[in-house]
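The tour goes stop by stop, with something to select at each one.

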Amino acid sequence: MTDIAIIGAGPIGLTLANLLGVRGLSVRVIEKQAQYYDLPRAIHFDGEAMRVFQATGLAEEVLAHTHVGVGMLFKNADDVVLIDWSRAQDIGPMGWHESYRFHQPGLEDALRRGLDRFTNVELTSGVEVTELFAETGTMRLSNGENLSASYVIGCDGADSFTRAAVGLPLNDLGFQERWLVVDAVLKRPRPDLGDYSIQFCDAENPATYVRGTKDRRRWEIRLNQAKADPDNDAIWALLSRWITPDDADLERAAVYTFRSAVAARWREGPVLIAGDAAHQMPPFMGQGMCAGVRDVANLAWKLNHAISAGDDAILDSYGSERASHVTEFIDLTMRLGKLINQTAAGGAPKGQMKSIWPGLGPGLGERDDVAGRLAPQPRVDDGTLADDAAKGGFYILARTPIEASVPVFTEATDWLSENGVFAVLVRPDGYVFSAAKDQAGAADLLGVGRVGL
């Protein structure tokens, strides 16, 4: 019997395995592919996701496969900027930059190597789960093994075996389009392509350009629903407005059907789902993988509590908190998709765009303008980031020192003042559990005993 079985060793499953490994839980990761996929797929994550990679203890290893993103521009056919979503180039409130471009094979390699630190985590590749029994958390593997776990987490993608096996339905949110995704490696400098990601808003030929790491560049181009997948010549014809074979080699080309969906339920007994198994969104905001990383950050510390306390009622808050949060991202992504798919002449919106920071859905703790929302992560007096200084546990951000049974840091006074609170209790996933308006209420409101953890 293992504490946690994870089905799927993509970036979400591997991130969860590292988060659980740090907490000392016994973990078994089952991956049906014998070799991990060595070509790019996801290409962006944000500062909140980087904060989660920090929690795995692999920040430097992950950063080696990234560069800081400058942002995204939405342009019409006349090259007029409709929306400017530039990202700050200094360190943001998460303790990291706001936007990163990354190479997924490098990220996955860093996360896989991270598992080597733990005697309590085992990765089994080239083996498939053939049967899963939600009542007991028992599964049968294609190698003949029967595996039992206290909890099973399906991180096995949009066509999730886990989700289907235990009957967790998806709610279709109404977006479906075929797009060609092409990754190319430049053979010669093309500085004119620029460092900004660009959404080309056009009813006839909508497309996306993304500057990847080093010499990698990506194009995403909407395809006619009725036409066959393009061959190599057709791909180069579609890319001809930007590059030719003299400029670059094609690394990967794949046709995807972009969809929007959220699971109606995220848990069936000891079985839970995360990442694309629980939600799918078009890539126009670069938030697909970020959402999965948020899932497992929310889930990891709750699984730790469920195992250590022998009480898994806390896991009921996972789906309720995450579904509402990710739906806000999907809604905005779909609205941006409509802009990209229209001609931008006439009444198309123009202006600046800022990153959204949705609050959690109903679950643990209170919900208001502060509680249930993401807290900043300052560096504390010795230069350590607050999450690390608190060793991955609860902590308090306060305007002045107070007595508490958890660490108290006073380096976020500006943020506290801006939000009209004296102190907040921060959960292990970085979200505010509760807030105190003044010092008199802090002892009662922020007493960690109220959390029950």
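Strands here are DSSP runs of E, at least two residues long, numbered from the N terminus. Bear in mind that this is a predicted model.

**Stop 1: S86**

Select residues 81-86, which form strand β6, and pick out S86 within that strand. Is S86 buried, exposed or partly exposed? S86 is partly exposed, because its relative accessibility is 31% and partly exposed covers the range between under 20% (buried) and over 50% (exposed).

Now show the neighbours. Leaving aside residues up to four places away in sequence, S86 touches V70, G71, M72 and Y196. The side chain of S86 makes a polar contact of 2.5 Å with the side chain of D84. Another polar contact, at 2.9 Å, links the side chains of S86 and Y196.

S86 and E177 are 91 residues apart in sequence, and their C-alpha atoms are 27 Å apart in space.

**Stop 2: D79**

Step back to D79, in the loop between β5 (71-75) and β6. Most residues other than glycine have a negative phi. D79 is not a glycine, yet its phi is positive, about 70°. With a relative accessible area of 48%, D79 is partly exposed.

**Stop 3: K391**

Next, select K391, in the loop between α9 (386-389) and β21 (395-398). K391 also is not a glycine and has a positive phi, about 55°. Its relative accessible area is 76%, so K391 is exposed.

**Stop 4: α1 and α2**

Select residues 11-22 for helix α1 and 47-55 for helix α2. Their axes come within 9 Å and cross at roughly 45°. The two helices are therefore oblique to each other. Show T15, L19 and V22 of α1 with V52, F53 and A55 of α2: these residues make the contact. By class, this contact has five nonpolar residues, one polar and no charged.

**Stop 5: α7 and α8**

Finish with helix α7 (residues 288-309) and helix α8 (residues 316-340). How do they pack, and at what angle? Their axes are 10 Å apart, at an angle of about 165°. So α7 and α8 are roughly antiparallel. The crossing of α7 past α8 is right-handed.

Show side chains at the contact. From α7, select A291, R294, D295, N298, L299 and K302. They meet S317, Y318, E321, R322, H325, V326 and F329 of α8. The class count here is five nonpolar, three polar and five charged residues.

Definitions and conventions: Residues numbered from 1 in each chain as written. Predicted model: local features only at pLDDT ≥ 70, side-chain atom pairs only at ≥ 80, totals over all residues. Heavy atoms only, no water. Helix = DSSP H or I, 4+ residues; strand = E, 2+ residues; numbered from the N terminus. Buried < 20%, exposed > 50% of the residue type's maximum accessible area, 1.4 Å probe, protein only. Contact = heavy atoms within 4.5 Å. Polar contact = N/O pair within 3.5 Å; in protein donor to acceptor, adjacent residues only side chain to side chain. Axes fitted to C-alpha atoms, helices over the stretch in contact; angles between N-to-C directions. Parallel < 35°, antiparallel > 145°, perpendicular 65-115°, else oblique. Left-handed = near helix turned anticlockwise from the far one by under 90°. Nonpolar A, V, L, I, M, F, W, Y, C, P; charged D, E, K, R; others polar.
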